[in-house]
Amino acid sequence: MGDMGNNRNIVILTGAGVSAESGIDTFRDGGGLWEQHRVEDVATPEAFQRDPDLVLRFYDMRREAVQTKEPNAAHHALARLEREPDGDVLIVTQNVDDLHERAGAKNVLYMHGELLNAWCTACDARSRWTGTLIDRPTCPACGAPALRPDIVWFGEMPYRMEEIYGALRRADLFVSIGTSGAVYPAAGFVRDAREMGVETLELNLERSEGSSWFHETRLGPATEIVPAWVDELVDAG
């Protein structure tokens with residue numbers, strides 16, 4: 001990927017592969033289980049209705065863990081790219097951690113929600129949340145004990161899809177970093193981008209299910225290939 005011209009619009013989709021080297025795990029053991037539960041079974045609206053304590057404990061653990069982690073070189077490189085004066089960079093992340101922001105990125109859209117938010121199902125307010133939810137705290141906005149993790153669970157619609165498609169339509173370049181290409185609707189973004197005539201690039205540890213849709217795929221650890229790509233793009237600009 002060479003010079004995109006002086007005014008390039010870049011939409012970057014990031015997935016678990018960007019945060020893996022920061023030690024963000026998915027809380028699955030080798031068998032895909034968390035405390036003998038399938039992870040999918042603690043991340044659905046039905047699970048929350050059936051056993052809210054189980055679900056809240058799972059997310060309380062994840063919320064506590066993410067606050068002990070630090071952004072890595074890939075997060076920092078993307079934040080640096082965003083600060084470049086020519087063009088716009090939008091980071092659309094499937095991750096629920098805050099490592100892009102802690103690296104300095106300002107233009108981050110969380111399509112699967114945010115681990116450090118709580119969502120009140122009574123008044124629809126979202127509040128920054130760094131503590132636990134298992135003890136049923138009250139909503140800072142309305143006082144109801146109706147908080148849940150602000151996470152898009154299996155079977156729920158990802159956030160801000162219209163904004164994402166609008167950004168893809170304006171993009172010159174779509175980059176997918178560290179995603180499996182297996183989870184829709186995000187897995188379909190590359191096809192949408194191609195149909196709109198957008199240049200597409202994949203940066204990933206290994207080829208994904210959607211690799212054949214990209215104009216170019218570069219393989220390697222995110223902390224190596226993402227900074228290298230950003231250096232190349234900035235130098236070319």
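The structure is a predicted model. The protein chain contains eight helices and eleven strands. Its radius of gyration is 18 Å, close to the 18 Å that the globule rule gives for 237 residues, so the chain is as compact as a globular protein of that length.

**Overall dimensions and surface**

- Taken along the principal axes, the C-alpha atoms of the protein chain fill a box of roughly 55 × 40 × 35 Å.
- Of the 237 residues in the protein chain, 52% are buried.
- The protein chain exposes about 11,000 Å², and carbon and sulfur atoms supply 48% of that area.
- Among contacts in the protein chain with a separation of 6 or more, 66% are between residues 24 or more positions apart.

**The open sheet**

- Six strands, in the order β5-β4-β1-β9-β10-β11, form an open sheet with parallel pairing.
- Strands β5 (108–110) and β11 (216–219) are the edge strands, and each pairs on one side only.
- On average, neighbouring strands of this sheet are turned by 20° against each other, direction ignored.
- Within the sheet, strand β1 (residues 9–14) pairs with strand β9 (residues 173–177) in the parallel sense over five bridges.
- Ile12 has Val175, in β9, as its bridge partner.
- Helix α6 (residues 161–170) packs on the sheet and touches β1, β4 (88–93), β5 and β9; the direction of helix α6 makes about 135° with that of β1.

**Aromatic pairs**

- The count of aromatic pairs comes to five.
- One of them joins Phe48 and Trp153 in a tilted arrangement, with 5.3 Å centre to centre and 50° between the planes.
- Phe48 lies in helix α2 (residues 45–50) and Trp153 in the loop between β8 (147–151) and α6, so this pair ties together parts that are 105 residues apart in sequence.
- Trp153 is buried, with a relative accessible area of 2%.
- The ring centres of Tyr165 and Phe189 are 5.7 Å apart and their planes stand at 85°; because planes over 60 degrees apart count as edge-to-face, this pair is edge-to-face.
- Tyr165 belongs to helix α6 and Phe189 to helix α7 (residues 189–195), so the pair ties together parts that are 24 residues apart in sequence.
- Tyr165 is partly exposed, with a relative accessible area of 25%, whereas Phe189 counts as buried at 1% relative accessibility.
- Phe48, Phe58, Tyr59 and Trp153 form one aromatic cluster.

How values were computed:
Residues are numbered from 1 along each chain as its sequence is written. This is a predicted model: local features need pLDDT of at least 70, side-chain atom pairs count only at pLDDT 80 or more; totals for chains, interfaces and linings use all residues. Side-chain values use heavy atoms; hydrogens and water are left out. Two strands pair if DSSP finds at least two bridges between them. Helices (H or I, at least four residues) and strands (E, at least two) are DSSP runs, numbered from the N terminus. Axes are lines fitted to C-alpha atoms, for helices over the stretch in contact, and angles run from 0 to 180 degrees between N-to-C directions. Contact means heavy atoms within 4.5 Å. The radius of gyration is taken over C-alpha atoms; the globule rule is 2.2 Å times the number of residues to the power 0.38. Buried means under 20% relative accessible area, exposed over 50%, partly exposed in between (1.4 Å probe, protein chains only). Accessible areas come from the Shrake-Rupley method with a 1.4 Å probe; for residues, only the protein chains shown count as cover. Rings of Phe, Tyr and Trp (its six-membered ring) pair if their centres lie within 6.5 Å; planes under 30 degrees apart count as stacked, over 60 as edge-to-face and the rest as tilted.
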